[in-house]
Amino acid sequence: MASTNLMSLGNVEKKDFLKSFDYFICDCDGVLWHGRVPVPGAQEVLKNLVSIGKKRFYFTNNSALTRKQFVEKFNSLGFDAKEEEILSTAWLTAKYLKNINFNKKVYVVGGTSIKEELDKFEIENFGAGPDNYEARGSSNFTLESSDIELVPDVGAVVVGYDLFFSYPKVAKAKCYLNDPKCLFLATNKDEKIPIAGGLTVPGSGALVAAVEVCSDRKADVIGKPSPFAIDHVLIPSGIDPKRCLMIGDKCSTDIYFGNQRGMITLLVETGLHRYTDLEKFKSSGMDHLIPSYYTSSVADISKIMRLP
């Protein structure tokens, strides 16, 4: 499987590219912005695509915000977005549990955004935010069973982005997961996330890995590259994946997500992966990570749209 440099196409081929999709699904971090710094030209290209009749979705693995909070961020950075256009992993996790008629309690190792989305689906949950555990005197001691208060009737552990991640939280998650019937869900497994200044910081995947190791279990992933959003949100709403363009900066999540259901996929080089990474993936036999096209920035689509 080969990937094509989008901007190397002839003018007719570039116009055919625009005609090849009716919907576009756009990742956020590393594609539209870095932290709170927009990628130059990103606002313009999204508005222009909508102006020619393309329908949009935003799909972010970031579980730190609710869909409502994402709308506020989009608007504050000069983007336009509606809540129903946003596929965020906090919301998708809550929707997944609602879809399977989950009726127990959820232990959340994550932020209040996950709690708020679960609350909207009337799913009982606890644990989001700081753990109120207080150490006994010296920090040099081992947790005992009496130190861990477990809540009854917990049927799922959800791990996502958590600024208050701690040893006590991991210990509690592991104890709940001793029950093989307890679900183990990860909002996503992104190992690192790009932020402003060209830096990357640990993502939810680093936290999920800690719980996986101690529990000797593997989490079921709700966010990209899981096809849950395609199969249970997009297709049921009448969208044909083969008429979708998936735009992302990370091949192991964004591009793999789109390739699974035959989407047209576009890698932009403003985030984690570059064209040089594609050569490595191909030589390793990882064709599922190869995008249909690659280009330097999502803003390059505007150049195509300005062709006579």
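Let me start with glutamate 122, which sits in the loop between helix 5 (112-120) and strand 8 (125-126), where helices (H or I, at least four residues) and strands (E, at least two) are DSSP runs numbered from the N terminus. This is a predicted model, in which local features need pLDDT of at least 70 and side-chain atom pairs count only at pLDDT 80 or more, while totals for chains, interfaces and linings use all residues. Residues are numbered from 1 along each chain as its sequence is written, and side-chain values use heavy atoms, with hydrogens and water left out.

Although glutamate 122 is not a glycine, its phi is positive, at about 60°, and with a relative accessible area of 73% the residue is exposed, a word that here means over 50%, with buried meaning under 20% and partly exposed in between (1.4 Å probe, protein chains only).

Asparagine 101, in the loop between helix 4 (89-99) and strand 7 (105-109), is not a glycine either, and has a positive phi of about 55°; at 64% relative accessibility, asparagine 101 counts as exposed.

Please turn now to the loop between strand 13 (220-221) and helix 8 (228-234), where proline 225 lies, and where the peptide bond to proline 225 from lysine 224 is cis, with omega near 10°.
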